[in-house]
Amino acid sequence: MSYRNKVFVSFDGDQDIHYYRLMRAWKQSDNTPFNFYDAHDINSARDTSTEETIKKRLRERLENTKVFVLLVGKNTRYLYKFVRWEIEQAISLSLPIIVVNLNGLRSMDSDLCPSIVRDELAMHISFKSSILQYALEKWPFQHQTLKEQFESGPYYYKSETYERLGL
């Protein structure tokens with residue numbers, strides 16, 4: 001098994017790709033401490049690839065993943081072909097999951113969050129670089145501790161954490 005140090009970001013490629021691109025821009029910016037090793041840099045699949053080939057490439061990326069980030073927009077809960085499959089893989093690999101609400105909600109959005117992840121041990125946050133960076137740094141360790149205690153369900157940071165981060 002390879003060293004897991006990457007962040008896998010799952011999102012609606014049609015509606016929410018600009019949020020993913022913004023995350024990559026945060027990473028490149030000199031004005032923010034935001035950083036992550038993007039699992040999507042590992043290998044590529046063309047749009048003309050078969051579903052089987054694409055899933056094979058995605059699985060390779062997930063096997064190099066330290067934390068799974070799910071960007072939740074208006075249509076995410078309806079995406080079964082790849083997004084739901086990616087969530088299933090993250091759960092089966094026991095990856096720490098960070099659910100990022102693109103609508104700004106700081107806890108689980110029961111209307112938009114895919115049902116498959118609602119009862120899973122996952123951190124739910126808003127889409128801001130500082131809270132996402134905080135979660136990327138802290139949640140994998142918190143997740144491991146909570147998992148060892150057989151905890152499950154949605155978690156979120158208190159408003160004091162957001163305030164401390166200037167949000």
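In strand β2, F68 is the bridge partner of F8. The model is predicted, so that local features need pLDDT of at least 70 and side-chain atom pairs count only at pLDDT 80 or more, while totals for chains, interfaces and linings use all residues. Residues are numbered from 1 along each chain as its sequence is written, and side-chain values use heavy atoms, with hydrogens and water left out.

**Strands**
- Strands (DSSP runs of E, at least two residues) and helices (runs of H or I, at least four) are numbered from the N terminus.
- β1 (residues 6–10) and β2 (residues 65–72) pair in the parallel sense over 5 bridges, where pairing requires at least two DSSP bridges between the strands.
- Of the 5 residues in β1, 4 are buried, meaning under 20% relative accessible area with a 1.4 Å probe and protein chains only.

**Nonpolar cores**
- A nonpolar core is a set of buried Ala, Val, Leu, Ile, Met, Phe, Trp, Tyr and Cys residues joined through side-chain atoms within 4.5 Å.
- The largest such core has 25 residues, and L71, I98, I125 and Y157 are those with the most contacts inside it.
- The largest share of this core, 7 residues, is supplied by α5.
- A second, separate core has 20 residues, among them V83, W85, A90 and I97.

**Helix packing**
- Helix α2 (residues 51–62) packs against helix α3 (residues 80–92) at an angle of about 35 degrees, with the axes 11 Å apart; axes are lines fitted to C-alpha atoms over the stretch in contact, and angles run from 0 to 180 degrees between N-to-C directions.

Terms used
Buried means under 20% relative accessible area, exposed over 50%, partly exposed in between (1.4 Å probe, protein chains only).
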